[in-house]
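This report looks at how two protein chains meet. Start by viewing the sequence and the structure.

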Amino acid sequence: MAEPMKIRAQLQGNVADVKVLMNHPMETGNRKDAKTGQMIPLHFIRQVTASLNGAVVYEVQWSQAISKNPYLGFRLRGVKAGDRLSVAWLDNTGDKNAVETVIVSN
Amino acid sequence: MDKMRRKVLRSFGGTAILAAGAVLLQPLEALAIDWKTAAYGAKNNADALKGLGYGDPASSADIVIKAPDIAENGSVVPLEVVSNIPGTEAIAIMVDKNPSPMVGEFIFSSHVDPYVSTRIKMGETSAVRVFVKAGGKTYTATREVKVTIGGCGG
């Protein structure tokens, strides 16, 4: 159900600048469906984790106040070309998605 | 807390049966973090802060909040936060005037710089309030963002 995530990690020395774009409606539960008049239920990514070579290094918890199609930028330190970076999310319905990339030299 | 975890695991179990492939390879424990329900359900900053388990905050000039002075679209407000406080463990973000102030919490290991870049929803002109947990203490800074068209829905 979930669409592919996009990830970009640019290495400078031993620091990687990471940008992730996720695909998710991030519904606040306050919006009405124009056609049916029904409230669209709360549906949002609740947590995001980033793992380096299989170990979790970053834990993020979100509310429905993060924008639709969430963007997350962060900086990894002490990394090198060849390190595996994966980012995974889990939403309030139990749906999930993940993306993995290998850090490459600039 | 436990009830929450069981609920998350149960709902994940339902999805796993329908999903296929790589999704099943990750152990459940690696995915289900204890989402701080009390903080996210809070309707004011003080309750949210308590729900996070943060202490009484002291103002700090070492927290940098970068956001537009005026956000044309409250649904997508770009936000960058940097903590220059040594030993920063986590950054929490709230929007005072949102229906529920809590926006997110970012918890760093030594491999991740205390820097956050994301996009948030703001219902109306409000202070964006940042809390930093560092060395057993809590610090805070705010930045006012004017919102032209509110972004929380309705």
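## Extent of the interface

In this predicted model, 40 residues of chain B are in contact with 37 residues of chain A. Together, chain B and chain A bury about 3,500 Å². Carbon and sulfur atoms account for 51% of that area.

## Salt bridges and polar contacts

How many salt bridges are there between chain B and chain A? The count is 2. In one salt bridge, D113(B) joins R75(A). The closest N and O atoms of D113(B) and R75(A) are 3.2 Å apart.

Polar contacts also span the interface of chain B and chain A: 23 residue pairs, with both residues at pLDDT 80 or more.

## What chain B contributes

Which elements give two or more residues to the side of chain B that touches chain A? They are α1 (2-18), β6 (102-108) and β7 (115-120) of chain B. The largest share comes from β6(B), with 7 residues.

Now sort this side of chain B by residue class. It has 22 nonpolar residues, 12 polar residues and 6 charged residues.

## Strand pairing across the chains

Strand β7(B) also pairs with a strand of chain A. The partner is β5 of chain A, residues 71-77. The two strands run in the antiparallel sense, over 2 bridges.

Which residue of β7(B) is the bridge partner of G73(A)? The partner is S117(B).

Terms used:
Residues are numbered from 1 along each chain as its sequence is written. Chains are lettered from A and ligands numbered from 1 in the order in which they are written. This is a predicted model: local features need pLDDT of at least 70, side-chain atom pairs count only at pLDDT 80 or more; totals for chains, interfaces and linings use all residues. Side-chain values use heavy atoms; hydrogens and water are left out. Contact means heavy atoms within 4.5 Å. Buried area is the accessible area (1.4 Å probe) that two parts lose on being put together, summed over both. A salt bridge is a side-chain nitrogen of Lys or Arg within 4 Å of a carboxyl oxygen of Asp or Glu. A polar contact is a pair of N or O atoms within 3.5 Å; within protein, one must be able to donate a hydrogen and the other to accept it, and residues adjacent in sequence count only if both atoms are side-chain atoms. Helices (H or I, at least four residues) and strands (E, at least two) are DSSP runs, numbered from the N terminus. Ala, Val, Leu, Ile, Met, Phe, Trp, Tyr, Cys and Pro count as nonpolar, Asp, Glu, Lys and Arg as charged, and the others, Gly among them, as polar. Two strands pair if DSSP finds at least two bridges between them.
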